[in-house]
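Please keep the sequence and the structure in view.

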Amino acid sequence: HVTPQQMHFSAPLALKCGAALSDYTLVYETYGTLNADKSNAVLVCHALNASHHVAGTYCGQAKSEGWWDNLVGPGKPLDTDRFFVIGVNNPGSCFGSTGPMHANPDTGRIYGADFPVVTVEDWVDAQARLMDALGIERLAAVIGGSLGGMQALDWALRYPTRLRLCVVVASAPNLSTQNIAFNEVARRAIVTDP
């Protein structure tokens, strides 16, 4: 069984859109044990519809397996007898980290549609701050699929000295015109929802 953890950050997180999250919380889960020199940490980045709940189950909740439960655990490819695995919920998500359903500390009102636009780069910057807070200077690996793979690529491009390996699954460094169009349809449905 696993239990989500929270880390609060009061230092503003500058976002690519020009705004900043002045006060935010990240929800995350860890699996395994961090070794003495903190060299066995593996960050698993989630895709668009996933969360920090990478593996294991929640106590008392049937059918609560993490989205990559077949990959993370004792004797599995990300062997938690060997690795300390971290799953982070990205800012703007609906799974606990600061997002549209939370109060804006500057106004006291729920963000709602006023939550700032966040990018892959913003998520990676938030993840890097969490690694700093956990005292992890260099990750053994950063792994992700789909949108999580884009985050892994961003780690490799912008923080190359902070990871040994980058594993990208079913992802690409950019989207085709067709992908952008489909994403815009979904984005409009979200931002026009009162």
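In which loop is Ser146 found? Ser146 is found in the loop between strand 7 (139-145) and helix 2; helices (H or I, at least four residues) and strands (E, at least two) are DSSP runs, numbered from the N terminus. This is a predicted model, in which local features need pLDDT of at least 70, side-chain atom pairs count only at pLDDT 80 or more, and totals for chains, interfaces and linings use all residues. Residues are numbered from 1 along each chain as its sequence is written, and side-chain values use heavy atoms, with hydrogens and water left out.

Ser146 is a residue other than glycine, yet its phi is positive, near 60°. Because its relative accessibility is 39%, Ser146 counts as partly exposed (between buried, under 20% relative accessible area, and exposed, over 50%, with a 1.4 Å probe and protein chains only). Lys38, also not a glycine, has a positive phi of about 55°. Lys38 lies in the loop between strand 4 (24-31) and strand 5 (41-45). Its relative accessibility is 31%, so Lys38 counts as partly exposed.

The largest pocket has a volume of about 1,700 Å³. Here a pocket is an open set of points on a 1 Å grid over the protein atoms alone, where a 1.4 Å probe fits, with protein on both sides within 12 Å along at least five of seven lines; lining residues have an atom within 4 Å of a point. Grid points are joined across faces, edges and corners, and the volume is the space filled by probe spheres set on the points. Of the 45 lining residues, Leu48, Val118, Trp123, Arg187 and Ile190 are the closest to the centre of this pocket. Helix 3 gives the largest share of the lining, eight residues.
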